[in-house]
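Biologist: Could you take me through this model step by step, letting me ask about one feature at a time?

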Amino acid sequence: MNERALVIRARRAVTPAGERPAAVVVRDGTIVAVEPFDTDVTGAEVVRLADDEVLLPGLVDAHVHVNDPGRAEWEGFATATRAAAAGGVTTLVDMPLNSLPPTVDVAALTTKREAARGKLTVDVGFWGGAVPGNGAELRGLHEAGVFGFKCFTLHSGVDEFPPLDDGQLRAAMREIAAFDGLLLVHAEDHHTIASAPACHGTDYRGFLASRPDEAERRAVRRVIDLARETGCRVHILHVSSADVVPVLAEARAEGLAVTAETCPHYLALAAEDVPAGATEFKCCPPIRDRANRERLWEALRDGELDSVVSDHSPSTVDLKNPDTGDFGTAWGGVSSLQLGLPVVWTQARHRDHTLSDVVGWMAHGPAAQTGMTRKGRLAPGHDADFCVFAPDEEFVVDVRTLHHRNAISPYDGHRLAGVVRRTWLRGAPVAFDAAPRGRMLDRGRA
Ligand SMILES: [Zn+2]
């Protein structure tokens with residue numbers, strides 16, 4: 001295949017070297033050059049962005065629960081990947097749990113790939129799972145192309161994906177280190193949570209008290225001790241408590257291979273503002289107070305957190321207890337896949353951050369963390385995945401117009417800055433009324 005070249009001219013383009021006017025040259029779905037704005041490319045098709053639009057690399061969301069097969073009524077590959085595309089996300093990596101079966105062996109990965117086939121509007125990779133008893137499956141999953149393995153240090157929310165105890169965690173890390181894989185950890189210490197007050201009722205403060213900061217800090221400390229002992233590369237999922245940040249900084253100063261992410265809801269929302277019974281705000285670990293939120297922003301600014309990913313974890317409306325508003329038994333998970341970029345940008349610009357910073361957290365960071373070398377950058381040799389973003393246009397979120405399956409989101413009614421006008425996948429605009437063009441990605445080939 002040798003298609004005619006395509007040139008995208010943008011007065012503002014976010015390249016790895018910063019924001020600048022650029023002509024991005026694309027051939028056969030790959031970026032081949034990033035040239036000065038007026039560069040002439042003979043015979044090329046030219047697309048020129050409007051003056052209020054910025055060309056970003058397509059975002060990479062490394063933390064999405066698609067829940068398909070098995071709980072496709074919670075979400076599904078078709079709806080999740082459309083939501084992603086509409087939100088400027090051109091690559092996502094699916095979590096191994098909440099689907100049935102969970103992705104804990106190669107047969108389950110095959111089942112998941114079959115469920116995804118023909119339904120993908122964006123490119124999708126898969127995480128495997130580390131659970132009690134599947135140590136012998138990890139290497140096979142690694143060789144079959146999963147990007148790494150997720151585990152829990154306490155109950156995951158679904159019985160078929162149990163947590164690892166301390167001995168099992170050490171054994172899994174030894175095994176994963178043996179093939180230089182990556183372990184992702186949901187880090188909340190179950191002893192700390194078991195001795196915290198139990199949560200029931202509609203008052204958000206009760207839920208917050210049931211998942212204290214100390215649970216995160218202790219679990220992260222333990223994971224880091226085991227990383228030192230085993231040599232396993234680790235990634236801390238969804239950092240909510242800023243108390244974790246100094247622990248991460250110490251581990252890195254020591255030279256340990258530790259990365260960490262946070263999520264839009266921890267950066268945009270605050271415990272003080274959660275209305276009684278508003279279970280759409282419930283997630284684990286919890287949204288904490290405003291002072292903590294500002295400390296997370298400092299950690300991003302200082303490079304102590306590597307990426308911002310959605311942890312889109314939807315469910316059906318009934319599981320959110322809309323009738324009782326009881327935080328104790330409501331499903332824990334925030335739906336935000338389509339909104340991550342405007343949610344983060346709205347907050348970031350108030351704190352004097354640039355779009356380059358946001359692209360660092362939402363494209364470069366997650367691509368690096370997952371080992372993707374063709375995704376998340378406006379640079380030669382990368383896939384021509386783009387997000388055309390109008391950063392100064394505002395809109396009010398109407399949850400009923402979002403693409404994800406169930407109309408629940410804590411951002412409903414929020415005014416946000418930044419509209420995703422178009423998304424491109426491997427050199428072609430994403431068309432919602434045409435056959436989906438997304439591919440399944442394997443570690444080492446994305
Ligand atoms: Zn998650």
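Biologist: How many of the residues that line the largest pocket are nonpolar, how many polar and how many charged?

Modeller: Since this is a predicted model, what follows is computed from predicted coordinates. The largest pocket holds about 450 Å³ of space, and 26 residues line it, with His155, Ser156, Gly157, Cys284 and Gly332 lying nearest its centre. Sorted by kind, the lining consists of nine nonpolar, 12 polar and five charged residues.

Biologist: Which residues are closest to the centre of the second largest pocket?

Modeller: The second largest pocket has a volume of about 380 Å³. Its lining divides into seven nonpolar, three polar and 13 charged residues. Of the 23 residues in that lining, the ones closest to the centre are Asp28, Gly29, Thr30, Arg426 and Gly427.

Biologist: Which residues are the protein donors of the zinc ion?

Modeller: The spacing of the donor residues along the sequence is H-x1-H-x245-D, and the two histidines of the site, His63 and His65, are both buried. The donor atoms lie 2.1 to 2.2 Å from the zinc ion, and they belong to His63 (NE2), His65 (NE2) and Asp311 (OD).

Biologist: Is Thr90 buried or exposed?

Modeller: Thr90 is found in strand E7, which covers residues 89-94. Leaving aside neighbours within four places in sequence, Thr90 is in contact with Gly58, Leu59, Val122, Asp123, Asp385, Phe386, Thr423, Trp424 and Leu425. The relative accessible area of Thr90 is 1%, and because the cut-off is under 20%, Thr90 counts as buried.

Biologist: What covers the buried residues of helix H1?

Modeller: Helix H1 spans residues 77-86 and is mostly covered, as eight of its 10 residues are buried. Those buried residues are Phe77, Thr79, Ala80, Thr81, Ala83, Ala84, Ala85 and Ala86. The elements that cover them include E7, helix H2 (106-116), strand E8 (123-126) and strand E16 (415-425).

Biologist: Which residue with a positive phi follows H1?

Modeller: The helix itself runs over residues 77-86. The residue asked about comes after it and has a phi near 85°, and it is Gly88.

Biologist: Which element gives the most residues to the lining of the largest cavity?

Modeller: A search of the whole structure finds two cavities of 30 Å³ or more, and the largest holds about 80 Å³ of space. Of the 14 residues that line the largest cavity, Leu59, Asp61, Val89, Gly340 and Met362 are closest to its centre. Two elements give two or more residues to this lining, strand E6 (59-64) and helix H11 (340-350). The one that gives the most, with three residues, is E6.

Biologist: How does the lining of the second largest cavity divide into nonpolar, polar and charged residues?

Modeller: About 30 Å³ of space lies in the second largest cavity. The residues that line it are Glu280, Ser313, Pro314, Ser315, Lys320, Gly333, Ser335, Ile408 and Ser409. They divide into two nonpolar, five polar and two charged.

Note on methods. Residues numbered from 1 in each chain as written. Predicted model: local features only at pLDDT ≥ 70, side-chain atom pairs only at ≥ 80, totals over all residues. Heavy atoms only, no water. Donors = N, O, S within 2.8 Å, 3.2 Å for Na, K, Ca; no water. Buried < 20%, exposed > 50% of the residue type's maximum accessible area, 1.4 Å probe, protein only. 1 Å grid on protein atoms, 1.4 Å probe; cavity = no way out; pocket = protein on both sides within 12 Å on 5 of 7 lines; lining within 4 Å. Points joined across faces, edges and corners; volume = space filled by probe spheres on them. Nonpolar A, V, L, I, M, F, W, Y, C, P; charged D, E, K, R; others polar. Helix = DSSP H or I, 4+ residues; strand = E, 2+ residues; numbered from the N terminus. Contact = heavy atoms within 4.5 Å.
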